[in-house]
Amino acid sequence: MKIAYSGIEGAFAHIAAKQIYPNEELKAYKGFREAYCSVVSGECSAAVIPIENSFAGEVGQVTDLMFSGELEIDEVYEMHITQNLLGVPGAKISDIKKVISHPQALGQCEGYIAEHDFETEAAVNTARAAAAVAKQNDVHTAAIASLETARLYGLDVIEADINDSKDNTTRFAIFKKKEDIKKDGSEKDGFILLFTVPNIAGGLAKALTIIGDYGFNMSILRSRPMKSLAWNYYFYVEAEGDVDGEYGKEMLARLSFWCESVKIAGRYKVQRSL
């Protein structure tokens, strides 16, 4: 099997993919869409892609891929994230003027960055930020990234564990083609549901009532703009329960009757950690 991930060696997606698939070939892609499309094309069997961070929130581009794409989520894992300030050998905290990292990582360290009055520069991912700092070899520029990238690119750890929240967790999803997801009998007690509702008073409330009527506990609810229709939105729900059971099938039938579109984006085991 070839497993796709976004970034390069040392990126958090690479670390997650290596833990989930320790014996498989890992293949790096520039971005989330490229990793996702590698599975669609058949170049890879699965992709490990982040969907949400506990501090910075959802990864909107990936949510949009769930809505418009053909892949499904086979499992979701939580991984604790520790961000670190990395500089060229000999650099000190007093030397640093600018930090480079992925926008999500910059957001996770927003307070720390403000406290030190650092300039910021966005990178495609944290590992590329570390590689850029190593290449520039400038004591005034640092990366925010994992400890693994420090080892890979010969950087010093100027300060460890700099994220604002010490409970900093990213959720990674495994995306596969529907026909490649094996039903092995293991219990999947969570699911991701995407839907649109008619533009009438109470449209969303009616949809949520239908989900609740069948005993499904919704842990996440948010809206996302539809790219093809200005000021129109789709809704993202994560809920606990067996959506493939009798109640789940009845709920989906009622929801499909009321909603303009309904899609199960994946099934997973709740609170699965790396």
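Which residues is Thr-170 in contact with, leaving aside its neighbours within four places in sequence? They are Pro-50, Glu-52, Asn-53, Tyr-77, Glu-78, Met-79 and Ile-81, where contact means heavy atoms within 4.5 Å. Before going further, please keep in mind that this is a predicted model, in which local features need pLDDT of at least 70, side-chain atom pairs count only at pLDDT 80 or more, and totals for chains, interfaces and linings use all residues. Residues are numbered from 1 along each chain as its sequence is written, and side-chain values use heavy atoms, with hydrogens and water left out.

- Thr-170 sits in strand 11, which covers residues 169-176; helices (H or I, at least four residues) and strands (E, at least two) are DSSP runs, numbered from the N terminus.
- Thr-170 counts as buried because its relative accessibility is 9%; buried means under 20% relative accessible area, exposed over 50%, and partly exposed in between, with a 1.4 Å probe and protein chains only.
- The side chains of Thr-170 and Asn-53 make a polar contact at 3.0 Å. Such a contact is a pair of N or O atoms within 3.5 Å; within protein, one must be able to donate a hydrogen and the other to accept it, and residues adjacent in sequence count only if both atoms are side-chain atoms.
- Asn-163 is placed in the loop between strand 10 and strand 11, and with 2% relative accessibility Asn-163 counts as buried.
- The side chain of Asn-163 reaches the backbone nitrogen of Gln-83 at 2.6 Å.
- Not counting residues up to four places away in sequence, Asn-163 touches Ile-81, Thr-82, Gln-83, Gln-108, Cys-109 and Asn-168.

- Five strands make up an open sheet with mixed pairing, in the order 8-7-9-6-10; two strands pair if DSSP finds at least two bridges between them.
- Strand 8 (119-122) and strand 10 (156-159) are at the edges with a single partner strand each, so one side of each has no neighbour in the sheet.
- From one strand to the next, the twist averages 35°. For angles like this, axes are lines fitted to C-alpha atoms, for helices over the stretch in contact, and angles run from 0 to 180 degrees between N-to-C directions.
- Strand 6 (residues 84-87) runs antiparallel to strand 10 and is joined to it by three bridges; Gly-87 has Asp-156 in strand 10 as its bridge partner.
- Helix 6 (residues 126-136) packs on the sheet, touching strand 6, strand 7 (98-101) and strand 9 (141-145), and its direction makes about 155° with that of strand 9.
- Ala-145 belongs to strand 9 and is buried, at a relative accessible area of 0%.

**Helices**

- Two packed helices are described by the angle between their axes and the distance between the axes.
- For helix 8 (residues 203-213) and helix 9 (residues 246-258), the axes come within 9 Å and cross at roughly 170°.
- The two, helix 8 and helix 9, are therefore roughly antiparallel to each other; angles under 35 degrees count as roughly parallel, over 145 as roughly antiparallel, 65 to 115 as roughly perpendicular and the rest as oblique.
- In helix 8, Gly-203, Lys-206, Ala-207, Ile-210, Ile-211 and Asp-213 meet Met-251, Arg-254, Leu-255 and Trp-258 in helix 9.
- The residues of the contact of helix 8 with helix 9 comprise six nonpolar, one polar and three charged. Here Ala, Val, Leu, Ile, Met, Phe, Trp, Tyr, Cys and Pro count as nonpolar, Asp, Glu, Lys and Arg as charged, and the others, Gly among them, as polar.
- Helix 1 (residues 12-20) is mostly covered, with seven of its nine residues buried; among them are Phe-12, His-14 and Ile-20.

**A buried leucine**

- Leu-193 lies in strand 12 (residues 190-196) and is buried, with a relative accessible area of 0%.
- Residues that Leu-193 touches, not counting those up to four places away in sequence, include Ile-211, Leu-252 and Leu-255.

**Positive phi values**

- Asp-117 is not a glycine, although its phi is positive at about 55°; Asp-117 lies in the loop between helix 5 (110-116) and strand 8 and counts as exposed at 67% relative accessibility.
- Gln-271, in the segment after strand 15 (261-268), has a positive phi near 55° and is exposed, with a relative accessible area of 68%.
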